[in-house]
Amino acid sequence: MANSIVTVSNQVRGFARMPLERQIGLIVALVAAITLVASIFLWLTRPSYTALYPNLNEQETAQVADALARNGVGYRLEGGTVKVPARQMHEARLKLATEGLPRASGFGFELLEQDQGLGTSRLIEDARYHRAIEGELARSIATLNSVESARVHLALPRQSVFVRDRAKPSASVLVNLFAGRSLDDNRVAGIVHLVASSVPELDPENVTVVDQRGRLLTAPSGGADNLGGNGHQLDFTRRVEESYVRRIMDILSPIMGSDAVRAQVAADLDFSAIERTVEAYDPEFSVLRSEQISEDESRGGGNMGIPGALTNQPPEAGVADGNEVVNGNPVGNMPGSNSRRTVRNYEVDRTISHIREAPGSLRRLSVAVVVDHRQETNAQGQIERVALSEEELERINTLVREAVGFDARRGDSVNVVNASFRPTDVPEPLPEPPLWEEPWVMDMAKTILAVIMVLVLALTVVRPLLRNLAEKGAAAHREEQRFQQLALEAGEAVPGLEHQSQGALPGPARKNTNYEANLESARGLVREDPKRVAQMMKTWIATDGSAG
């Protein structure tokens, strides 16, 4: 502690002995060094900032910045983007989430919470309500995983009191998808029904969904049964072929391996829309509904002929009671007529069929499958590739036929070939990120670099400067001690030391009691600083003259 105080005292004396110009230059250099050290330290230890939430509008940016300021989280605004230190990003998001920030993009029913003002017209109120519904629908659609943002436009016509003049509402949805994402038919249908269910009297057919690239995601009017347009037909064909390929891969991959099977399917689809009506009768299936039988019979009797005398004559011999006897047997009068009529009504099996064949029926299927050779270990312990046997190929062929629903009547064809693939280079695993790319390592390196820079400046600039001042201060202190010693030996009073006792002088004054030693000290002082000795002699002479 005493040595430190002496060193500081020497540095102050050394600084006081320097000329004024050097003192000013030294002060400026010392301030510049300290400023440089502080700047380097702050720059190296400054935390890295990252964007808190991208794509915020001006109102949301202001709300987020105000919330961060209230919670004591440091932030910066760069190009309208709020950035916070990387270490505090998750903490800042949690604090903002407790306050419900950031809110979903656009405006919703909070528009209705604003002050409407006095004298707001009915038109303005309807427009705000209309805009609020659009904003709420856009927020709901934006919650889907693949959708980054959405906009909804509703066309709500004013309904007339006449039913024939009423127009149905319609809607258009613009979805902005994330990079590399897409919406399948189920999700598009979900968006359509979400919008249609949120607006009264809005039919799903009147909702149109378009992505950011202008592609129509909803099916055109007519539905999927029409499959109008070559684009929809090609898309449907591609989905059918992919479905068959997936079936083949699912059944062969567990057996041969996913990298040992290649399959392609060509489907010939018929997109003709056919409607026909068929009426068929089956005679084998008939039921008697009703039956009507009618029989008529008439017989001849009595005399017949022209009225007169001949008719009234008695019968001939052998005939009694009007009956004629032939060969000893009586023969009666034969019937005049006999008729029989039968009417039967049957119920016949009748079938009337109205058939409408949907487009997209499968006419023919062509399947091509290539199977790689099997790998085996030979007697030398080496791995070699061996072709499959005929039994194995036939078994694979049977599995493929069953998987795709092979039908020979349609003219389907399945071809399975065994060939050796080019060995696929196994991709090397991704290297782990090196240690120096870790965030904490970079922060630590910056801190260590800042400390090293501070030490270098302190050792190369500040320390030599302070050492020089201390050496000059120590030399000045030694000279003062020598002057004081010479003055005491000569019996003169030293200015500024009248209040001190001679017993409090340092050790050299007590040791140099010999006259020769004092004289040698005076000679050394004259050799080192003759100007100072001359000045002291002038002071002594002036003091003696004034005393005299």
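Helix 5 passes helix 6 in a right-handed crossing, and this is a predicted model. Let's look at that pair a bit more. Helix 5 covers residues 122-142 and helix 6 covers residues 185-198. Their axes come within 11 Å and cross at roughly 155°. Angles over 145 degrees count as roughly antiparallel, so that is the label helix 5 and helix 6 get.

Which residues in helix 5 and helix 6 meet? On the helix 5 side you'll find Leu 137, Ser 140 and Ile 141. Across from them, helix 6 brings in Ile 191, Leu 194, Val 195 and Ser 198. The residues of this contact divide into 5 nonpolar and 2 polar, with no charged ones.

Now hop over to Ser 172, which sits in strand 5 (residues 170-177). Setting aside neighbours within four places in sequence, Ser 172 is in contact with Arg 151, Val 152, His 153 and Thr 208. Then there's Val 207: 35 residues from Ser 172 in sequence, but 5.8 Å away in space, going C-alpha to C-alpha.

Here are some numbers for the protein as a whole:

| Feature | Value |
|---|---|
| Secondary structure | 12 helices and 15 strands |
| Buried residues | 21% of 548 residues |

One last point is about contacts along the sequence. Take the contacts with a separation of 6 or more: residues 24 or more positions apart account for 70% of them.

How values were computed:
Residues are numbered from 1 along each chain as its sequence is written. This is a predicted model: local features need pLDDT of at least 70, side-chain atom pairs count only at pLDDT 80 or more; totals for chains, interfaces and linings use all residues. Side-chain values use heavy atoms; hydrogens and water are left out. Axes are lines fitted to C-alpha atoms, for helices over the stretch in contact, and angles run from 0 to 180 degrees between N-to-C directions. Helices (H or I, at least four residues) and strands (E, at least two) are DSSP runs, numbered from the N terminus. Angles under 35 degrees count as roughly parallel, over 145 as roughly antiparallel, 65 to 115 as roughly perpendicular and the rest as oblique. A crossing is left-handed if the near helix is turned anticlockwise from the far one by less than a right angle, and right-handed if clockwise. Contact means heavy atoms within 4.5 Å. Ala, Val, Leu, Ile, Met, Phe, Trp, Tyr, Cys and Pro count as nonpolar, Asp, Glu, Lys and Arg as charged, and the others, Gly among them, as polar. Buried means under 20% relative accessible area, exposed over 50%, partly exposed in between (1.4 Å probe, protein chains only).
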